Amino acid sequence: MNKTEFINAVAAEAALAKAETKRAVDAFVETVKDAVKNGDKVTLLGFGTFSTVEKAARRGVNPKTKEPIIIPAHKTVKFKPGTVFAGSLK
């Protein structure tokens with residue numbers, strides 16, 4: 001499902017206009033992105049938690065040349081599904 005399909009599905013489920021739904025989805029994404037960027041956790045009860053994690057430097061392999069490389073330490077976003085969300089996938 002791409003973003004347009006998602007917006008259409010949410011608009012239909014919530015009986016909202018597509019333009020209104022698009023603004024809400026965009027606002028949600030920006031709010032989560034800003035919070036995680038600032039080091040905050042975003043927890044949506046039943047859905048899941050977005051957070052920042054630090055990945056340590058590690059060894060890797062260049063797939064083209066098979067040469068060993070060092071992948072530097074970096075921060076990334078982690079999503080941990082909530083019990084209701086994860087349970088719905090079974």
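Start with the lining of the largest pocket in this predicted model: its largest share, 5 residues, comes from helix α2. Select Phe-6, Val-25, Phe-28, Val-29, Val-32, Lys-33, Phe-47 and Phe-50 to show the lining. By class, the selection holds 7 nonpolar residues, no polar ones and 1 charged one.

Is Thr-21 buried or exposed? Its relative accessible area is 1%, and because buried means under 20%, Thr-21 counts as buried. For its surroundings, display Ile-7, Val-10, Ala-11 and Leu-16: these are the residues in contact with Thr-21 once neighbours within four places in sequence are set aside. Then draw a distance from a polar atom of the Thr-21 side chain to the backbone oxygen of Ala-17; the value is 2.9 Å.

Next, go to helix α1, residues 3-14. The helix has 12 residues, and from its first C-alpha to its last it reaches 16 Å, close to the 16 Å expected at 1.5 Å a residue. At the start of α1, pick Asn-2 and Thr-4. A side-chain oxygen of Asn-2 comes to within 3.1 Å of the backbone nitrogen of Thr-4.

Now move to the residue that follows α1, Ala-15, which sits in the loop between α1 and α2. What is the phi of Ala-15? The angle is near 55°, a positive value in a residue other than glycine. Most residues other than glycine have a negative phi. Colour by accessibility at this point: Ala-15 has a relative accessibility of 70% and therefore counts as exposed, the cut-off being over 50%.

The last stop is Lys-66, in the loop between β3 (58-61) and β4 (68-71). Check the backbone torsion here too: phi of Lys-66 is near 65°, again a positive value in a residue other than glycine. Lys-66 has a relative accessible area of 61%, so this residue is exposed.

Thr-21 is the buried one, at 1%. Ala-15 is exposed at 70%, and Lys-66 is exposed at 61%.

Definitions and conventions:
Residues are numbered from 1 along each chain as its sequence is written. This is a predicted model: local features need pLDDT of at least 70, side-chain atom pairs count only at pLDDT 80 or more; totals for chains, interfaces and linings use all residues. Side-chain values use heavy atoms; hydrogens and water are left out. Buried means under 20% relative accessible area, exposed over 50%, partly exposed in between (1.4 Å probe, protein chains only). A polar contact is a pair of N or O atoms within 3.5 Å; within protein, one must be able to donate a hydrogen and the other to accept it, and residues adjacent in sequence count only if both atoms are side-chain atoms. Contact means heavy atoms within 4.5 Å. On a 1 Å grid over the protein atoms alone, a cavity is a set of points where a 1.4 Å probe fits but cannot get out, and a pocket is an open set with protein on both sides within 12 Å along at least five of seven lines; lining residues have an atom within 4 Å of a point. Helices (H or I, at least four residues) and strands (E, at least two) are DSSP runs, numbered from the N terminus. Ala, Val, Leu, Ile, Met, Phe, Trp, Tyr, Cys and Pro count as nonpolar, Asp, Glu, Lys and Arg as charged, and the others, Gly among them, as polar. The expected span of a helix is 1.5 Å times one less than its number of residues.
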